[in-house]
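Me: I'm new to this one and would like to learn how to read it. Could you walk me through it bit by bit?

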Amino acid sequence: MQMTDENRIKPNYRPKDNENCPCRSGEPFGKCCKSKNNEYYSLGKNYQNRKVIVNLTKSNARFEKVHQILFEITYTYGSSSISISKAIEYLKTLYSLLQDDIDEIKSYIPCNKGCSYCCYSLMLSTAIEAEYIRQYIKADFTEEQKNELLSYLRSNYDPEYSFKRLYELDEKGLNIAGKEYLKKILPCPFLKGDVCLIYEVRPFACRKHMVLSEAINCASGSRKEKRAQLQLFNPVRIGLDVMMQPVERYKGLWDKRTYPSTSIVKTVYEWFSKGFNGIDLEGL
Ligand code: SF4
Ligand SMILES: [Zn+2]
């Protein structure tokens with residue numbers, strides 16, 4: 001488990017008494033939350049030139065909870081195994097803590113329902129995330145929807161973006177591949193009329209796409225977006241690896257070049273290449 005202080009954000013902002021309280025009550029800070037002695041950090045200015053202030057004290061509490069969960073998984077299941085349903089329970093908790101961190105900046109960002117520029121990116125996910133999506137599709141989609149999805153997945157699969165090929169690339173190569181992918185202007189299979197059909201269970205990569213710049217900057221080819229970096233992004237990403245380690249079925253799905261091993265990530269085209277009765281578990 002690599003949750004160190006490097007994953008922590010330091011307080012770098014102290015609101016002035018007469019400025020609007022970061023809790024968004026509309027009251028001046030001096031008359032509102034000042035006495036609570038919270039710590040804050042600023043992510044800089046957003047597209048409306050507003051200073052983005054985050055309550056670090058609350059975020060720290062969530063950071064601690066993520067840490068506890070990872071500790072619990074490591075020490076409870078260190079030498080035994082964990083079921084997929086238990087791992088998904090942990091995944092839901094992590095997503096929910098992450099959402100609370102995201103809610104802190106919701107009023108500052110242009111990411112809203114109906115905005116789907118980022119849904120043309122190369123979105124990669126781990127096995128447990130793909131399994132969570134699979135279960136959702138299996139339970140909630142009609143046969144017709146599943147067939148439609150499958151035919152889209154199969155006809156748009158591009159081996160250039162196979163996980164084995166992506167694993168040959170270094171960080172720079174991955175970056176270039178990501179930019180090249182955007183040029184395909186290929187919507188995510190789960191995007192329908194600018195709405196995500198699996199929003200509730202969307203993977204971490206989609207959840208962390210939060211921008212402080214104008215939405216149009218996320219359009220394909222622009223690459224001028226200013227991403228928001230929240231404190232929980234790193235711990236939750238680490239959490240995905242930690243909760244997958246004790247799952248028997250995911251044993252082969254590790255990038256063995258990294259230590260500690262990180263889980264392999266694939267596009268939905270590969271996870272669901274065999275349909276929705278199971279994810280494709282072929283490993284490295
Ligand atoms: S899963 Fe949903 S949010 Fe993520 S890229 Fe696809 S449509 Fe967009
Ligand atoms: Zn307040």
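Me: Which residue in β2 does Ser42 stand opposite?

Reply: Ser42 stands opposite Ile53 in β2. Strands here are DSSP runs (E, at least two residues) and helices likewise (H or I, at least four), numbered from the N terminus. Two strands pair if DSSP finds at least two bridges between them. Here β1 (residues 40–45) and β2 (residues 51–55) pair in the antiparallel sense over four bridges. They form a hairpin with five residues between them, and Asn49 in that turn has a positive phi of about 65°.

Reply: A word on the source: this is a predicted model, where local features need pLDDT of at least 70, side-chain atom pairs count only at pLDDT 80 or more, and totals for chains, interfaces and linings use all residues. Residues are numbered from 1 along each chain as its sequence is written, with chains lettered from A and ligands numbered from 1 in the order in which they are written.

Me: At what angle do α2 and α3 pack?

Reply: Axes are lines fitted to C-alpha atoms, for helices over the stretch in contact, and angles run from 0 to 180 degrees between N-to-C directions. For α2 (residues 84–103) and α3 (residues 127–140) the angle is about 95°, with the axes 10 Å apart. They're therefore roughly perpendicular (65 to 115 degrees; under 35 is roughly parallel, over 145 roughly antiparallel, the rest oblique).

Me: What surrounds ligand 1?

Reply: Near means a C-beta atom, placed from the backbone, within 6 Å. Among the residues around ligand 1 are Cys119, Met123, Phe190 and Arg202.
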